[in-house]
Amino acid sequence: MPETTDVLVVGARCAGSAAAIALARRGRAVIALDGASFPSDTLSTHLFFPNHWAELERLGARDRVMALDPPLHTAAGLGTETVDATGPFSSYEGFAHGSCVRRPGLDNALVETAREAGAEIRERTRVTGLLRDATGRVTGVRWRDRDGEEGEIHAKLVIGADGRNSTIARLVGTRAHHEWQNRRLMAFAYYDDPRDELRHIASQWRDEDELVTVFPCDGGQSVVLLMSPKRREDEYQDDKEAAFDRTVAQVGPLARRLEGCTRASKIRVSYKHPAYFRHSHGPGWALTGDAGHFKDPVTAQGIRDALRFGRLLGEAAAPALDDPAALDRALAAWEDDRDAQCLPMYQWANGLGLADDVSPIEATAYAWLAARPDGPTEVLDVFSRKRLPGEVFTPSRLVRWLAGAVRDPKIDNRRLWTTLKRDVRREGARLVEERRFARRKAASAAAFRAAPAPASPAPADDRQPALA
């Protein structure tokens with residue numbers, strides 16, 4: 001016999017568990033399906049800022065995550081070979097530290113918290129199709145587990161929290177109304193890290209067009225993430241270990257940071273990870289986490305937004321589940337709020353993810369921020385979502401940095417003015433996108449609603465794209 005629940009969540013990692021926790025705590029029956037078994041790994045930078053800890057606290061999962069004994073980052077740094085802009089975090093809702101927590105332990109802690117809240121989490125189970133009523137409204141799912149058992153679950157709301165390659169997004173036929181192709185690949189590996197004197201610092205460096213990071217994480221390790229420009233894709237595909245080692249050796253601060261450390265995992269590479277906003281709600285369904293919106297990983301915002309907007313989705317939907325019209329209004333308002341909160345960071349991440357050399361203006365800005373007692377903290381406040389990028393990178397400061405670059409005899413003025421004209425064009429394009437965002441989103445949504453509901457195709461693998 002078909003089962004019935006209030007909400008069916010597809011995907012039980014960060015976004016799915018957060019939604020399930022919020023719904024279950026409000027007395028709603030929740031079943032979450034996930035093709036994985038927990039604990040298990042998934043593609044992720046898994047860097048935390050103070051606001052990540054605030055979201056875990058709201059969900060009641062912080063103590064479980066702390067039991068994994070991750071190092072607490074009381075400082076973070078941005079730098080080059082010649083400049084080190086490292087400073088402390090400011091407090092966000094009582095938390096003044098970041099961290100880096102590997103996904104097997106983090107996701108398992110969230111799943112356990114969801115179960116404690118009353119949600120039912122079923123592992124090793126995938127969705128194979130959607131159920132709809134005569135009007136086309138989604139009313140549940142068909143599923144299959146790894147033992148070959150199949151069934152149906154009817155629900156008032158189906159939430160897709162199943163990642164970038166979302167099965168639910170594919171089945172409802174939603175589309176991206178904004179998209180940005182990544183300009184950098186991601187290559188990462190774990191290192192055994194005995195450098196106790198540095199394990200409280202998350203670090204990022206730029207060297208020409210390379211961007212590299214070291215994030216100390218649980219288990220006595222650090223994750224080393226290299227975001228090389230896409231022009232090197234063939235090099236990594238031919239021999240990723242050699243390409244990885246060349247990059248580490250090229251970036252002096254990174255090579256020095258890894259002295260005494262030993263690689264403890266294979267190197268994994270992601271070549272394609274575009275940023276986007278997808279239409280994220282419709283009659284009887286919603287998308288949260290990476291299923292609905294994804295930013296360039298350079299800013300490490302995905303986990304925080306998955307936790308926050310998964311929770312907010314559950315909170316918005318819970319009181320409206322018994323009234324379909326009210327539920328549709330609540331889902332629309334939730335998506336609008338998510339987009340308004342995420343657009344500034346989406347645009348900033350797209351800019352930071354460009355595969356540029358360090359420009360003369362950027363080099364001057366790094367030095368200026370490093371010289372100010374609170375300069376690095378101001379930048380970290382943007383990552384913690386305490387300030388908007390435009391509140392730190394103000395027009396008056398940009399003029400100051402430009403003037404400093406003009407006065408620097410080591411800087412070629414022809415390169416400086418070429419960079420300035422490029423940046424002005426980019427800023428103009430960003431402002432146009434910002435102003436037209438709601439209009440383009442509405443036009444795309446109207447076209448989506450006018451299209452016939454797609455039939456459920458044959459089941460496909462809803463896991464993230466494979467890593468090389």
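Colleague: In which loop is the place of Glu208?

Modeller: Glu208 lies in the loop between E13 and E14. Helices (H or I, at least four residues) and strands (E, at least two) are DSSP runs, numbered from the N terminus. The model is predicted, so local features need pLDDT of at least 70 and side-chain atom pairs count only at pLDDT 80 or more, while totals for chains, interfaces and linings use all residues. Residues are numbered from 1 along each chain as its sequence is written, and side-chain values use heavy atoms, with hydrogens and water left out.

Colleague: What is the phi of Glu208, and is the residue buried or exposed?

Modeller: Glu208 is not a glycine, yet its phi is positive, about 50 degrees. Its relative accessibility is 54%, which counts as exposed; buried means under 20% relative accessible area, exposed over 50%, and partly exposed in between (1.4 Å probe, protein chains only). Asp69, also not a glycine, has a positive phi of about 60 degrees. Asp69 sits in the loop between helix H3 (62-66) and E4, and is exposed at a relative accessible area of 61%.

Colleague: How should I read a strand such as E15, and which of its residues point each way?

Modeller: In a regular strand the side chains alternate between the two faces of the sheet. From E15, Gln221, Val223, Leu225 and Met227 point one way, and Ser222, Val224 and Leu226 the other. Seven of the seven residues of E15 (residues 221-227) are buried, so the strand is largely enclosed by the rest of the structure.

Colleague: Which strands are joined to E15, and by how many bridges?

Modeller: Strands of a sheet pair through backbone hydrogen bonds, either parallel or antiparallel. Two strands are said to pair if DSSP finds at least two bridges between them. Strand E12 (residues 186-192) runs antiparallel to E15 and is joined to it by six bridges, with Ala187 opposite Leu226. Strand E14 (residues 210-217) is also antiparallel to E15, with seven bridges, and Leu211 stands opposite Met227. E14 and E15 form a hairpin with three residues between them, and Gly219 in the turn has a positive phi of about 80 degrees.

Colleague: What is the order of strands in the open sheet of three strands?

Modeller: The order is E11-E18-E21, with antiparallel pairing. Strand E11 (176-180) and strand E21 (293-294) are at the edges, each with a single partner strand, so one side of each has no neighbour in the sheet. Four bridges pair E11 with strand E18 (residues 275-278), and Ala176 stands opposite Arg278.

Colleague: At what angle do the axes of H2 and H9 cross?

Modeller: Two packed helices are described by the angle between their axes and the distance between the axes. Axes are lines fitted to C-alpha atoms, for helices over the stretch in contact (heavy atoms within 4.5 Å), and angles run from 0 to 180 degrees between N-to-C directions. Helix H2 (residues 50-59) and helix H9 (residues 302-317) cross at roughly 35 degrees, their axes coming within 9 Å. Residues that meet there include Asn51, His52 and Glu55 in H2, and Ile303, Arg304 and Leu307 in H9.

Colleague: Where is the cis peptide bond that involves Pro39?

Modeller: The bond runs from Phe38 to Pro39, with omega near 0 degrees. Pro39 is found in the loop between strand E2 (30-33) and strand E3 (47-48).
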